[in-house]
Amino acid sequence: MKEYNCQGEKLVTEKNRTGLYRLDKKAMKEIIRCNPDTKTVFFFFPIWCAPCHEHFNYLLDNIDLQKYTLLITSIEKEQSSRATHFFNAFYKPKKQNKKMFPYPVFILSDEYLSGVVLRSKNKAENFLAEYDSKYKNAQTNGNVAIFSEENELIYFGSFEDYLIN
């Protein structure tokens, strides 16, 4: 996985044991601080969601990285290595250039788990609800959350719809 740099310095946030950046409030503030001239796009990526792959590929083909900072965000449990294996297997580049997956991959902190069995599917909803309670039960799979330069949630939904409006 690619290292996440902030103005030439590695991001000041921890990685979990599988090599993914841990995304919590502290990391969120650091990311936005490091990218003051762009909006931050979180793509919530459950690796088991087949339609999400189409949304993901559309996003990668259409995002303007001069205007947006892209954060691919897994909702797997932190101790799971499935997300790391997934990105290395399915999004590895063509053999001729042998570069790593070109974007850093984050994993939502397990502090966002909820429910009796601490289901990971609620992690993204709980994360968004901290910014706006109406997203507590939102369908996050394959959707993006876009934050302003001031760390305010300004859009939630499909990236395709965001570009149309």
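Which residue caps the N-terminal end of helix 1? Asp24 does, with a side-chain oxygen 2.9 Å from the backbone nitrogen of Ala27. The model is predicted: local features need pLDDT of at least 70, side-chain atom pairs count only at pLDDT 80 or more, and totals for chains, interfaces and linings use all residues. Residues are numbered from 1 along each chain as its sequence is written, and side-chain values use heavy atoms, without hydrogens or water.

**Confidence**

- The chain has a mean pLDDT (the predictor's confidence in each residue, from 0 to 100) of 77, and 74% of its residues reach 70 or more.
- Strand 2 (residues 9-10) has the lowest confidence, at a mean of 62, and strand 8 (residues 153-157) the highest, at 92.
- Where pLDDT is low, the predicted coordinates should not be read in detail.
- Helices (H or I, at least four residues) and strands (E, at least two) are DSSP runs, numbered from the N terminus.

- An open sheet of mixed pairing is formed by six strands in the order 3-6-5-4-7-8; two strands pair if DSSP finds at least two bridges between them.
- Strand 3 (21-23) and strand 8 are at the edges with a single partner strand each, so one side of each has no neighbour in the sheet.
- From one strand to the next, the twist averages 30°.
- Strand 4 and strand 5 (residues 68-74) are parallel and share seven bridges, with Phe44 opposite Thr73 in strand 5.

**Strand 7 and its partners**

- Strand 4 (residues 39-45) runs antiparallel to strand 7 and is joined to it by four bridges; Val41 stands opposite Ile146.
- Four bridges also join strand 7 to strand 8, again antiparallel, and Ala145 faces Phe156 in strand 8.
- Strand 7 and strand 8 form a hairpin with five residues between them, and Asn151 in the turn has a positive phi of about 70°.
- In strand 7 (residues 144-147), Val144 and Ile146 point one way, Ala145 and Phe147 the other, and all are buried (under 20% relative accessible area, with exposed over 50% and partly exposed in between; 1.4 Å probe, protein chains only).

**Helices on the sheet**

- Helix 1 (residues 25-34) lies across strand 3, strand 4, strand 5, strand 6 (105-108) and strand 7, at about 105° to strand 3; axes are lines fitted to C-alpha atoms, for helices over the stretch in contact (heavy atoms within 4.5 Å), and angles run from 0 to 180 degrees between N-to-C directions.
- Helix 2 (residues 50-62) packs on the sheet and touches strand 4, strand 5 and strand 7, its direction making about 155° with that of strand 4.
- The buried residues of helix 1 are Ala27, Met28, Glu30, Ile31, Ile32 and Cys34.

Methods: A polar contact is a pair of N or O atoms within 3.5 Å; within protein, one must be able to donate a hydrogen and the other to accept it, and residues adjacent in sequence count only if both atoms are side-chain atoms.
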